[in-house]
Amino acid sequence: MSIDTIELPLTAPVNLRDLGGIRVAGGSVRRGFAIRADDLSTSDADSAADLVERGLTSIIDLRSHAEATFTGRGPFGSMPVTYHHVPFLTSLEDATEDAMNQASFERLYVRMFDSAAPRIVQALAVIATSPGATAFHCAAGQDRTGVLAAALLLVLGASHDDIVEDYTHTGQNSPAIVERIAPVMGPLMAERGIDLEAAAKAASRPEFSPAPMEGLLAHLSREDADPLRRLREAGLTDGLIETLRSLAVV
């Protein structure tokens, strides 16, 4: 069967959460400001409509070109939602090293933060200018989504502990995530010689590790006294930071 003729099941996201309530400098993140999620392009119509009814106006798709081309925008394509494709990885090959070994992802996150810094700033600008809630997603809502969530929370003045705590919430959803993304990522990985199901079984662990996010934050702190330095060099301005804080913090 050709990858172009695969019929994809549409289901509710299983790793979707509002960043509202996370402690940041001066208060906490306002609910209905930023939402992180697993793949929204394969959402069922009811789940998509519910998000729009609750104030979603912008989607940032962090997936690669191959992933976004394969699934399109899903039900959101016919809804009043602005779509922004901001790929944090050029291709899936960029993430195939230890593809299912979550504990080893620190290198991926550091490399992504450095190489995708201009696109992180672009995504932050989208969030700052959205008239309503912005949802950002990749496939699992864990790695690329986790890096953007960490960047946003750093800009808002969250502590490393609170950023890591948000990241680890994905752990309880891991089995459901693997099952949900398999119809999309299975064929895409198979084209690249990776058996997703076998890799997932081989890499299964009883707990979700906070180490990759802890490693990224430690790296940013070691590199410079200002963990936002790389983003500032890529275009993050004081004005954008202040806009985000004024919109997000309550």
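Let's start with His137, which is buried, at a relative accessible area of 1%; buried here means under 20%, exposed over 50%, partly exposed in between, with a 1.4 Å probe and protein chains only. This is a predicted model, where local features need pLDDT of at least 70 and side-chain atom pairs pLDDT 80 or more, while totals for chains, interfaces and linings use all residues. Residues are numbered from 1 along each chain as its sequence is written, and side-chain values use heavy atoms, without hydrogens and water.

His137 belongs to strand S7, residues 133-137 (strands are DSSP runs of E, at least two residues, and helices of H or I, at least four, numbered from the N terminus). A polar atom of the His137 side chain lies 3.4 Å from the backbone nitrogen of Leu40. Leaving aside neighbours within four places in sequence, the contacts of His137 (heavy atoms within 4.5 Å) include Asp38, Ile60 and Thr145.

Now over to the helices. The axes of H3 (residues 106-115) and H5 (residues 144-156) come within 10 Å and cross at roughly 60°; axes are lines fitted to C-alpha atoms over the stretch in contact, with angles from 0 to 180 degrees between N-to-C directions. So H3 is oblique to H5, the class left after roughly parallel (under 35 degrees), roughly antiparallel (over 145) and roughly perpendicular (65 to 115). Tyr109, Met112 and Phe113 of H3 meet Arg144, Val147 and Ala151 of H5.

And who else touches these residues? Leu216 does: not counting residues up to four places away in sequence, its contacts include Tyr109, Phe113 and Val147. Leu216 sits in helix H9, residues 211-223, and is buried at 0% relative accessibility.

Note on methods: Polar contact = N/O pair within 3.5 Å; in protein donor to acceptor, adjacent residues only side chain to side chain.
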